[in-house]
Amino acid sequence: VFNDAIEALRVSYRKMNPFCVPFATTNMGSAILAMDLGWMGPNYSISTACATSNFCILNAANHIRRGEADVMLCGGSDAPLIPIGLGGFVACRALSQRNSDPTKASRPWDMDRDGFVMGEGAGVLVLEELEHAKQRGATIYAEFLGGSFTCDAYHMTEPHPEGTGITLCIEKALADSGVAREEINYVNAHATSTQSGDLKEYEAIVRCFGQNPQLRVNSTKSMTG
């Protein structure tokens, strides 16, 4: 919407969609959904780049934990495939240049990784207080036990060389959920296929979980961008 408004303005402001400002406001998607559903609980947007949906999941869970809601919808969406989005990542040399073999362009942890591939999409979870879900006979796919927020406080794009932010986040998440690190057998990693990012994340995971032969790690980005 924002991109279309810029293009229309090149002709005349009269060509602009009168709803371009409210529609470009990041919380408008969830606001419109709330109107459709009649849900009057906490409703807001979070913007933390690739971590946005994780922040939303933990915030939604905390609202339920505090008794502020029985059910929460949480998730994220991204539509960056516009000229300024694509051009910006090209300019900072973050994208893979393996154009001759696009199916193998995004390859987290690979020795020959050379950047990520952009993608668009959305994902939403329904979080519900356990007893509330049982009472209505809901199908329960998983139980949320805990999580954590941290910040590297180091650099806009480069990870901390010691991986301290990642390590701290994992340790706090384990403590919050009451799960021993030895019990973890799967990690869904950030892993964008960048040289420095993948390496520091891998080192932090090894530091936290040691040589656990049961541990499996993959990256959603390798399949969706």
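This is a short tour of the structure above, going from the whole chain to single residues.

The model is predicted, so local features need pLDDT of at least 70 and side-chain atom pairs count only at pLDDT 80 or more, while totals for chains, interfaces and linings use all residues. Residues are numbered from 1 along each chain as its sequence is written, and side-chain values use heavy atoms, with hydrogens and water left out.

**Stop 1: the whole protein**

Show the protein as a cartoon. There are 9 helices and 4 strands; helices (H or I, at least four residues) and strands (E, at least two) are DSSP runs, numbered from the N terminus. Following the chain along its sequence gives the order α-α-α-α-β-α-β-α-α-β-α-β-α. Along the principal axes, the C-alpha atoms fill a box of roughly 60 × 50 × 35 Å.

How much of the protein counts as buried? Of its 225 residues, 28% do. Buried means under 20% relative accessible area, exposed means over 50%, and partly exposed is in between (1.4 Å probe, protein chains only).

Contacts are heavy atoms within 4.5 Å. Among contacts with a separation of 6 or more, 63% are between residues 24 or more positions apart.

**Stop 2: the surface**

Switch to a surface view. The protein exposes about 15200 Å², of which carbon and sulfur atoms supply 57%. Accessible areas come from the Shrake-Rupley method with a 1.4 Å probe, and for residues only the protein chains shown count as cover.

Now select Val1, Phe19, Phe23, Ile32 and Met35, which make a nonpolar surface patch of about 510 Å². Patches are made of residues with over 30% relative accessible area and no salt bridge; like charges are joined within 9 Å, and nonpolar side chains (Val, Leu, Ile, Met, Phe, Trp, Tyr) within 5 Å. Ile32 is in helix α3 (residues 28-37). Its relative accessible area is 34%, so Ile32 is partly exposed.

**Stop 3: charges and salt bridges**

Colour the charged side chains. There are 18 positive and 25 negative ones, and the centres of the two sets lie 5 Å apart. Lys and Arg count as positive and Asp and Glu as negative, with His and the chain ends not counted; the place of a charge is taken as NZ of Lys, CZ of Arg, CG of Asp or CD of Glu.

Side chains of opposite charge can pair when their charged atoms come close. The structure holds 9 salt bridges, each a side-chain nitrogen of Lys or Arg within 4 Å of a carboxyl oxygen of Asp or Glu.

Select Arg98 and Asp114, whose closest N and O atoms are 3.4 Å apart in a salt bridge. Both residues lie in the loop between α5 (83-91) and β2 (121-128), so the pair ties together parts that are 16 residues apart in sequence. Arg98 is buried at 19%, whereas Asp114 is partly exposed at 29%.

Next, select Arg136 and Glu128. Their salt bridge has its closest N and O atoms 2.7 Å apart.

**Stop 4: helix α8**

Select residues 195-209, which are helix α8. Lys200 and Glu203 form a salt bridge here (3.4 Å, N to O); they are 3 residues apart, about one turn of the helix. Glu203 is partly exposed, with 29% relative accessible area.

Finish on Asp198, also placed in α8. Asp198 is buried, with a relative accessible area of 1%. Leaving out residues up to four places away in sequence, Asp198 touches Pro108, Trp109, Arg113, Ala191, Thr192 and Ser193.
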